[in-house]
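Morning, everyone. Please look at the model on the screen while I talk.

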Amino acid sequence: RRCVLEASQQLTEIINSCLESETSAESPEPTGEAEPADEEESVLHCLWVDKFTPRCYMELLSDDYTNRCLLKWLKLWDTVVFGKEKAVKKAKPSAKAHPPFNQPKEQQNKWKTKVQLTEEILEAELDQHKRPKYKVALLCGPPGLGKTTLAHVIAKHAGYNAVEMNASDDRSPEVFKTRVEAATQMKSVLGANEKPNCLIIDEIDGAPAASINVLLNIIQRKDGEGEAAAGMGRRRRREGGLLLRPIICICNDQ
């Protein structure tokens, strides 16, 4: 263990010296003395996974198809969150005029690839509240695959403020419900340009069944219109409104 620690320390010093030589060659102007010392201290005690973590979409090393699908699903929320109208793709006239082998529609759907089927699901029409058909995305895979990093980078790329919570930490359904509603119904008030929240729930497979039911109730809430009884209307207001923000759940065991 001591040998490994010494070797890693030597390698870290070599990398830091290389990085310092590059930065000094790029910017030879002298800077303040207090700030570089603090930066060097933070760099020395920073984990490599934090130091070299992807900061933007193009730096992601995870599966490109998964990245594009998650980004496409998140962009479906633009109509209800940002007020942007969904772009309608024009169908190619040649495809309509000459269907392949004159096959019936059922036969054509039968031989579609997984990629084509997923693209069709993501191109599905929005519901009456202009929300996508699927309100929650689930990222699953072994630890260290980059699921949490992917969720944060995609949320930032799509213009959201990423709010992360751990489902296995809050074992009480009441606390879980309060945190989910706070993240999905309240605005981020940090700074002048507040962004809408995108909730990222980590370790959803460690949440108790009661918390999962709370999440399902929030997702499946209907609009309170058409309810005649005033008491029912008050109860709806107390429960909260429709889910109008995207939720990304992360688990190891699907």
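Predicted model: local features only at pLDDT ≥ 70, side-chain atom pairs only at ≥ 80, totals over all residues.

The protein chain has 254 residues, and 27% of them count as buried. There are 12 helices and 4 strands in the chain. Take the contacts with a separation of 6 or more: 78% of these are between residues 24 or more positions apart. The accessible surface is about 17,700 Å², and carbon and sulfur atoms make up 56% of it.

Now the patch. Leu 11, Ile 14, Leu 19, Trp 48 and Phe 52 form a nonpolar patch on the surface, and together they have about 480 Å² of accessible area. Which helix gives the most to this patch? That is helix H1, residues 2–26, with 3 residues. Ile 14 sits in helix H1, and its relative accessibility is 48%, so it counts as partly exposed.

Next, the aromatic pairs, of which the structure holds 2. In one of them, the ring centres of Trp 73 and Trp 77 are 6.3 Å apart with the planes at 80 degrees, so this pair is edge-to-face. Trp 73 is buried, at 6% relative accessibility, and Trp 77 is buried too, at 0%.

Phe 82 and Tyr 160 also pair edge-to-face, because their centres are 5.4 Å apart and their planes are at 65 degrees. This pair links distant parts of the chain, 78 residues apart. Phe 82 lies in the loop between helices H5 and H6, and Tyr 160 in the loop between helix H9 and strand S2. Phe 82 is partly exposed at 34% relative accessibility, whereas Tyr 160 is buried at 3%.

Definitions and conventions: Residues numbered from 1 in each chain as written. Heavy atoms only, no water. Patch = residues over 30% accessible without salt bridge, like charges linked within 9 Å, V, L, I, M, F, W, Y side chains within 5 Å. Areas by Shrake-Rupley, 256 points an atom, 1.4 Å probe, with all protein chains shown as cover. Salt bridge = Lys/Arg side-chain N within 4 Å of Asp/Glu carboxyl O. Helix = DSSP H or I, 4+ residues; strand = E, 2+ residues; numbered from the N terminus. Buried < 20%, exposed > 50% of the residue type's maximum accessible area, 1.4 Å probe, protein only. Contact = heavy atoms within 4.5 Å. Phe/Tyr/Trp six-rings, centres within 6.5 Å; stacked < 30°, edge-to-face > 60°.
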